Amino acid sequence: HSRVCPLTEAVAGLANVTCLPAATGALQFRADACGVAVAGGAVETRLLVIADGAESPLREHLGMAVERRDYGVSALLAEVVLAAPHGGLALEHFTPSGPLALLPLPARGRRERAALVWVLPHNQACALMEAQPSERLRALCAALPPGRIAPLELRAAVAVPLRRVLAVEQVRSRVVLAGNAAHSLHPVAGQ
């Protein structure tokens with residue numbers, strides 16, 4: 001099932017705000033407005049807010065430079081099926097390689113679930129992604145504190161490299177970068 005983000009819902013109700021898909025066409029700037037080509041026509045605005053992610057194509061198109069720092073780690077993300085109820089409690093465990101968090105998700109059917117965020121050096125994350133699902137599960141169980149949580153299965157695992165991306169220029173005439181297009185950092189540092 002799909003859920004509407006509260007911010008998206010709030011913005012949709014504003015008469016003076018138009019949300020465009022991230023993949024837009026050419027930009028044209030005048031002293032009083034900015035024109036953005038989109039599928040089926042064009043939109044004109046006094047202020048263009050670019051919020052299309054850490055690897056922002058629009059920021060790149062405008063030549064707005066960024067500083068990047070690779071943290072040397074990846075976040076292994078997955079859905080974990082649990083043997084017992086999580087009781088709405090999150091678990092964060094600090095391992096020698098980095099933090100490991102299990103964040104409660106609503107049960108689906110009779111299956112208790114949690115979201116896994118496990119920070120590992122790139123090579124370990126890649127090795128786990130190439131491993132059999134049973135090996136990934138075994139590695140997770142070995143990394144968790146004994147007796148606290150019993151994972152049964154990992155689903156939809158992906159490894160995402162963690163990087164800091166900081167736009168050197170975040171504001172320009174008629175343009176502002178927002179969200180991860182302006183800056184993104186290690187999620188634990190964001191706490």
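**Questions about a predicted model**

Visitor: What is the volume of the second largest pocket, and what makes it a pocket?

Guide: The second largest pocket holds about 220 Å³ of space, a volume being the space filled by probe spheres set on grid points that are joined across faces, edges and corners. On a 1 Å grid over the protein atoms alone, a pocket is an open set of points with protein on both sides within 12 Å along at least five of seven lines, whereas in a cavity a 1.4 Å probe fits but cannot get out. This is a predicted model, in which local features need pLDDT of at least 70 and side-chain atom pairs count only at pLDDT 80 or more, while totals for chains, interfaces and linings use all residues. Residues are numbered from 1 along each chain as its sequence is written, and side-chain values use heavy atoms, with hydrogens and water left out.

Visitor: Which residues line this second largest pocket?

Guide: Eleven residues line the second largest pocket, and Ala54, Val160, Pro161, Arg163 and Ser184 lie nearest its centre; a lining residue has an atom within 4 Å of a point. Strand β9 (residues 151-167) gives the most, with five residues, strands (E, at least two residues) and helices (H or I, at least four) being DSSP runs numbered from the N terminus.

Visitor: Why are the buried residues of helix α4 said to be on the same side?

Guide: The buried residues of α4 (residues 133-143) are Arg136, Leu137, Leu140 and Ala143, where buried means under 20% relative accessible area, exposed over 50% and partly exposed in between, with a 1.4 Å probe and protein chains only. They cover an arc of only 125° around the axis, and therefore lie on the same side of α4; the arc is that of the directions from the helix axis to the C-beta atoms. On the other side of α4, Arg138 and Ala142 are exposed.

Visitor: How do you know that Ala156 is exposed?

Guide: Ala156 has a relative accessible area of 69%, and the cut-off for exposed is over 50%, so Ala156 is called exposed. Ala156 is in strand β9 and has a positive phi of about 50° although it is not a glycine.
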